[in-house]
Amino acid sequence: MAQAFQRIYTRLEGITKATVMLNAQRITNDELATVDGRLAQVVKINGDRVTLQIFGGTEGIATNSEVVFWGEAPSLNVSDQLAGRFFNAYGNPIDGGPQVEGEHREIGGPSVNPFKRKQPSQLIPTGIAGIDLNNTLVSGQKIPFFADPDQPYNQVMATVALRADVDKIILGGMGLTNDDYLYFRQSFENAGKLSKIISFVNTTDDPPVERLLIPDMALTAAEYFAVDKNEKVLVLLTDMTLYADALSIVSNRMDQIPSKDSMPGSLYSDLAKIYEKAVLLPSGGSITIIAVTTLNGGDITHAIPDNTGYITEGQLFLRHDSDTGKVIVDPFRSLSRLKQLVIGKQTREDHNQVMNTAIRLYADAADAKTKMENGFDLSDYDLRALDFAKEYSLKLLSIDVNINITEMLERTWKLFAKYFSKEEVSIREDLIDQYWPKGEE
Amino acid sequence: MQTKTTGKVQGIIANLVTIEVDGPVAQNEICFIHLGDTRLMSEVIKVTGKIASAQVYESTRGLRVGDHVTFEGHMLEVQLGPGLLSSNYDGLQNNLATMEGVFLKRGEYTEPIDREAKWDFKPLAKKGDTVTAGDWLGEVMEGWMVHKIMVPFIMTDTYTVQEVTKEGSYTVDKKIAILKDADGKTHDVTMVQKWPVKRAITAYMEKPRPYKVLETGVRTIDTFNPMAEGGTGFIPGPFGCGKTVLQHALAKQAEADIIVMAACGERANEVVEIFAEFPKLIDPRTGRHLMDRTTIICNTSNMPVAAREASVYTAMTICEYYRAMGHKTLLLADSTSRWAQALREMSNRMEELPGQDGFPMDLSATIANFYARAGIVTLNNGETGSVTFIGTVSPAGGNLKEPVTESTQKATRCFYALSQNRADRKRYPAVDPMESYSKYLEYPEIIKYYSEKIGEDWIDMVWEGKNFVRRGKEAYEQINILGDDGVPLEYHINYWKSELIDFIILQQDAFDDVDASTPMERQKYMYTKIINVCRQKFEFDDFESCSAYFKKMINIFRQMNYSEYESEDFKRYEKEIEELLTEKIQA
């Protein structure tokens, strides 16, 4: 892609594992370059001394390598031709198709004026009660799955994406194994929805630092469809932990002082810049982000999930429930901050109280379980709470549930009546009068 | 008149730019970097010889060595005047509402104060009066708020009023007074003045200890750990513990004249919620729109990091400005941790030696200085005004042993600890009744205030309630260790008494129309009732009948909380409680 005005240098002054230094003039901050054909970006300028970060690593780079400056920041060609295509981190096709023609747009563009945003208000049903009933998703929201690496997060995410009523699904895959990449491709194809899907994929075969471009690429495409075309766009980002790991590699190689868990001090801002692209626009277009943050042994105090939790509007916590053998959406640790905008408004009036009560009773069961494990006698209430918890987990929390929200509420009421008295349930009286299953007084 | 200092960009790392300057330059001076036609606002944060380091309040993409820089000769300033209320600003006081397009444009700076709007001015001072900084010259009505026009805070000498404009409708730039200083030099005063945000406004006579309570309608705060007017407090908590919901509840319900909310490095949708909801909400005390008394300073997490720091200072300055008019202001900053992180990012880029967790060494002092700007003050004319400040802290990993939490704890008097455990059990607000404290409960001034305004025995009852909760917690631990049967029945009764206080007083449904906000009168009524129940001696056959009994009672009390105060439903439930109590006392 060499063009006439490009400046070419052939003498490197220094090389580290990820960066090279050279003397060059009139270089702009953030601009791209190629070093011996490898893509690089300007990360530091001090007088004539320019530091370039090479995405693919500096292995084999020689001091006489050719450096070509492009005069522009990383960009993507955006047009309707993006639909149905697969790209790498640089936005080049990996599906054998032609280059996309369209408007050349810098990635990582400006933020939406918070005053111009609209308040998210449209429920995204998924059929999964652990989500719809307890942690309802709303378009314009950003929410990650917190999951241990052995949990089927990519499958759940693909299911959610395919059930969601959206115009475009954009997959940003970072450090995906080739198997998972093919899994996504397969499930999108099988669902016959390939034309709605755009993928930017960095697999484990690719250099890790390249991953840093994936979210911005995916979100630039998302903004094209949401802003320019007023479409509802769902962006899937998996796995953001690997993205953050790449950030720490870079900051380490640039001699920055690490903060908690060897992560760069700017981790919060770096992640926020990505997640805050989720938006409901005044024109009706929207970007919803569902991400995956893998955990180490369920540790959410690690800097990556911790910072993520402060940025995103809740989190969906996947856990293996040993009592039922199912993977469930953990009702204690999961949260959708935007659910209050839709529950009881787009769903039935009893939604809020039913949700909270069921979780409270589920917590009672957890206490009873602790008592049992400590070898104490269980009260009648404890035993009923345990039975309730088991059935609640099986019939509602399990991720293989696929019913609508009214059915979820009915199911929960039935469980209340089956195991508890009205006093124990302690819900507002008018709701009890209306929804307590008849004939189970 | 000195010519402006200029400079050339010499180096760039992220948003830290080094500039070679050709003249004098001050620490914290504002400068603009010219990128084509765009001017990027920056602040000098270090000077070494001819090289000034500046943090840029915008993205530095596309900057290059040699780009032209002009220095402004002043620190970061805000404009203060009528029209601040119900405005929505970014951290640098740009009006977000008047910006063009959906996206924020780099280098687009908008006027914070409407220069066209007319205000009905009424003079307060007259010719010959002696005045100084902060003295009231006149007033306008800003919505339903009286807005004093003051001697600018930078004019700290003594002046004689030479002329005050007569009553009339004027724009903010109209000269409304002429003041003469000791040397006979005259100064024109308009309705707008400028103030550098990093300096505290001290145009008042004295700052006494807080002596009044600021009602919030949140029971766990008002009843258990009250906030004083002019007091300071902070809310630390891991994510998902309801920090934001609690802050919004305070913003909606607190009994302040003016609320300034600084959304500092937090989620944009939370601010949108305020934008969307506040204009619809009515303040139950005044019957006015909540938005009319609210100013929002919004520097969300995706907006330029350097402006985060500015945003909390901007918000504080606006509060101090209204305090000088004799108003009761409340500043809510969410979250001060993001501000500290912004300081850390910059300190790191400047390669300063880091303190704990990579934060700058002077973090603790910076936080303490900032909280010290709050307070109730007596103005020069004897009136009072106040800035109450509640900040949130987002401790990394929910661990309170980290520098920002620890520094903030030293600087504040109220501590509202949000507990993950309570949040997991959906016990909202998740303020931990045992960990949290309000030092104001021990202030003789506040104790006096309570005995005069609420009741002689109120403070004793608060401590008594806390004790019931503590005893219940201890009982609960024993029950968990020894089992239901392994402890005396008394332990179960103690446990359930604390559950009663927890469910009926401490827990509150922020999404229920009635329960969301409880006026002090109702709090007093309910709390007295609950404490009276706790004082009773109960007898039960076994622990199961004890828990069944209290569950029933809690259920009825909850229905009471959901009913309008003193409504028929309310009284009906109250009667049910009486019956339930007599039943047990007779038995």
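Tutor: Val140(B) has His147(B), in strand 12 of chain B, as its bridge partner. The two strands involved are strand 11 (residues 136-142) and strand 12 of chain B, antiparallel and paired over six bridges. A quick word on terms: strands (E, at least two residues) and helices (H or I, at least four) are DSSP runs numbered from the N terminus, and two strands pair if DSSP finds at least two bridges between them. Bear in mind that this is a predicted model, where local features need pLDDT of at least 70, side-chain atom pairs count only at pLDDT 80 or more, and totals for chains, interfaces and linings use all residues. Residues are numbered from 1 along each chain as its sequence is written, with chains lettered from A and ligands numbered from 1 in the order in which they are written.

Next, the domains, whose bounds come from an automatic or database domain assignment. Chain B is assigned domain 1 (6-75), domain 2 (110-193), domain 3 (213-438) and domain 4 (458-586). Between domain 2 and domain 3 of chain B, the C-alpha centres are 31 Å apart. Nine residues from domain 2 of chain B and nine residues from domain 3 of chain B make up the contact, where contact means C-beta atoms, placed from the backbone, within 7 Å. Here strand 12 (residues 145-150) of chain B turns up again: with four residues, it gives the most to the side of domain 2 that touches domain 3. That side of domain 2 of chain B has four nonpolar, three polar and two charged residues. For these classes, Ala, Val, Leu, Ile, Met, Phe, Trp, Tyr, Cys and Pro count as nonpolar, Asp, Glu, Lys and Arg as charged, and the others, Gly among them, as polar.

There's another open sheet in chain B, with four strands in the order 10-13-15-16 and antiparallel pairing. Its edge strands are strand 10 (130-131) and strand 16 (186-189) of chain B, each pairing on one side only. Strand 15 (residues 177-180) of chain B joins strand 16 of chain B over four bridges, in the antiparallel sense; there, Leu179(B) has His187(B) in strand 16 as its bridge partner.

Finally, the other chain. The contact takes 61 residues from chain B and 59 residues from chain A. Elements giving two or more residues to the chain B side include strand 1 (6-13) and helix 13 (543-562) of chain B. By class, that side of chain B has 23 nonpolar, 20 polar and 18 charged residues.

How values were computed:
Contact = placed C-beta atoms within 7 Å.
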